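Trainee: I'd like to learn how to read a single side chain in a model. Can you walk me through one?

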Amino acid sequence: MASEAEKTFHRFAAFGESSSSGTEMNNKNFSKLCKDCGIMDGKTVTSTDVDIVFSKVKAKNARTITFQQFKEAVKELGQKRFKGKSPDEVLENIYGLMEGKDPATTGATWMLSSRLDSTHTPTPVRLNSNISLIQLQ
């Protein structure tokens, strides 16, 4: 089960970071993972809780966490999210929420190339003697 959690960690760690190897995760991507996987529910675990736990587990001057530090963080968040359960049950529930998840791109803007592709040629259009525009056909 932990190997599936590690795969999810690597997918989120590399998300949006072109130079990232996926071995360390920043706070933005940690928050995204917690939100997308349902660890952060807005009631028992809030974005503030996620930020505090991230700061607590990272090294003093670091901006990222390793997978080992990540496991500590989700264990702490899990104890808050699943109160009254044993530490093993908590980890099992957290890893279950993370299983097979990818970073969501809902709300992202994708540019469509419907009008500006190689099949259209620009044609000059004269509006008046001083202004000319290019019309796509």
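Trainee: Okay, in which helix is Phe30 found?

Mentor: Start by placing the residue in the fold. This is a predicted model, and its chain runs α-β-α-α-β-α-α-β-β. Phe30 sits in helix α2, which covers residues 27-36.

Trainee: And is Phe30 buried or exposed?

Mentor: For that, look at relative accessibility, where under 20% means buried. Phe30 comes out at 0%, so it counts as buried. Across the chain, 27% of the 137 residues are buried.

Trainee: Which residues does Phe30 touch, leaving out those up to four places away in sequence?

Mentor: Skipping those sequence neighbours, you get Met25, Val50, Phe54, Ile65, Phe70, Ala73, Val74 and Leu77. Take Val50: it's 20 residues along the chain from Phe30, with 8.0 Å between the C-alpha atoms.

Trainee: Phe70 is on that list. What kind of aromatic pair do Phe30 and Phe70 form?

Mentor: Phe30 and Phe70 make an edge-to-face one, at 5.9 Å centre to centre and 90° between the planes. Phe30 is in helix α2 and Phe70 in helix α4 (residues 67-81), so their pair ties together parts 40 residues apart in sequence. Like Phe30, Phe70 is buried.

Trainee: Which residues do ring pairs link into a cluster?

Mentor: Follow the pairs from ring to ring: Phe9, Phe30, Phe54, Phe67 and Phe70 are linked into a cluster. Two of those names, Phe54 and Phe70, you've already met among the contacts of Phe30.

Definitions and conventions: Residues are numbered from 1 along each chain as its sequence is written. This is a predicted model: local features need pLDDT of at least 70, side-chain atom pairs count only at pLDDT 80 or more; totals for chains, interfaces and linings use all residues. Side-chain values use heavy atoms; hydrogens and water are left out. Helices (H or I, at least four residues) and strands (E, at least two) are DSSP runs, numbered from the N terminus. Buried means under 20% relative accessible area, exposed over 50%, partly exposed in between (1.4 Å probe, protein chains only). Contact means heavy atoms within 4.5 Å. Rings of Phe, Tyr and Trp (its six-membered ring) pair if their centres lie within 6.5 Å; planes under 30 degrees apart count as stacked, over 60 as edge-to-face and the rest as tilted.
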